[in-house]
Amino acid sequence: MTRVPGQEAEGAELGNEVEGYLLWQATIAVAEQRAREFVDHMDWLTTAQREEIEQLHISDSLRRARQDLERIAARCRSLRGEYEERYRVLRLRCVGYTLGAAAGLTSVAAAALSLSR
């Protein structure tokens with residue numbers, strides 16, 4: 001089966017979106033569970049108060065989770081930039097060494113040919 005160029009990238013992007021969606025849904029579920037556990041210890045609250053505190057707790061948890069994810073994403077982008085730059089420098093250095101070695105070998109071969117004549 002032949003693939004169209006860029007098809008792998010689209011599939012990977014879709015996979016990342018699905019993974020992100022599932023991760024966020026799991027984060028919501030955890031926030032809701034923790035909020036329920038938090039208000040369970042407060043027997044004196046009315047139902048309305050309990051629901052309000054649950055919602056505030058969930059909102060706060062999700063806001064913090066979003067901030068954490070944004071901070072992690074920013075760090076990932078920063079690291080990617082650093083590694084791409086290091087790779088570029090390393091690649092240039094390797095090409096330079098290879099060209100230098102080739103020029104040196106060519107010079108040695110030329111000198112050997114001129115001496116053998």
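**Reading the features**

Reply: Let's start with Asp60 and Arg64, whose side chains form a salt bridge with the closest N and O atoms 2.9 Å apart. The term means a side-chain nitrogen of Lys or Arg within 4 Å of a carboxyl oxygen of Asp or Glu. Before we go on, this is a predicted model: local features need pLDDT of at least 70 and side-chain atom pairs 80 or more, while totals for chains, interfaces and linings use all residues. Residues are numbered from 1 along each chain as its sequence is written, and side-chain values use heavy atoms, without hydrogens or water.

Me: Where do Asp60 and Arg64 sit relative to each other?

Reply: Both are in helix H2, four residues apart, which is about one turn of the helix. Helices here are DSSP runs (H or I, at least four residues), numbered from the N terminus.

Me: How many salt bridges does a search of the whole structure find?

Reply: Eight. One of them joins the side chains of Arg80 and Glu84, with 3.0 Å from N to O. Arg80 counts as exposed because its relative accessibility is 58%, whereas Glu84 is partly exposed at 45%.

Me: Now the empty space. How do I read a pocket?

Reply: Rolling a probe the size of a water molecule over the atoms shows where empty space is left. On a 1 Å grid over the protein atoms alone, a pocket is an open set of points where a 1.4 Å probe fits, with protein on both sides within 12 Å along at least five of seven lines; lining residues have an atom within 4 Å of a point. The largest pocket here has a volume of about 260 Å³, counted as the space filled by probe spheres set on the points, which are joined across faces, edges and corners.

Me: Which residues line the largest pocket?

Reply: Gly20, Leu23, Trp24, Arg66, Leu69, Glu70 and Ala73. H1 and H2 (47-116) each supply at least two of the lining residues, and H2 gives the most, with four. By type, the lining has four nonpolar, one polar and two charged residues. Ala73, which sits in H2, is partly exposed at 30% relative accessibility.

Me: What about nonpolar surface?

Reply: Look at Leu14, Val18, Tyr21 and Leu22, which make a nonpolar surface patch of about 420 Å². A patch takes residues with over 30% relative accessible area and no salt bridge, joining nonpolar side chains (Val, Leu, Ile, Met, Phe, Trp, Tyr) within 5 Å and like charges within 9 Å. Val18 lies in H1 (residues 7-40) and is partly exposed at 43%. Leu14 and Ala73 are 59 residues apart along the chain, with their C-alpha atoms separated by 18 Å.

How values were computed:
Accessible areas come from the Shrake-Rupley method with a 1.4 Å probe; for residues, only the protein chains shown count as cover. Buried means under 20% relative accessible area, exposed over 50%, partly exposed in between (1.4 Å probe, protein chains only). Ala, Val, Leu, Ile, Met, Phe, Trp, Tyr, Cys and Pro count as nonpolar, Asp, Glu, Lys and Arg as charged, and the others, Gly among them, as polar.
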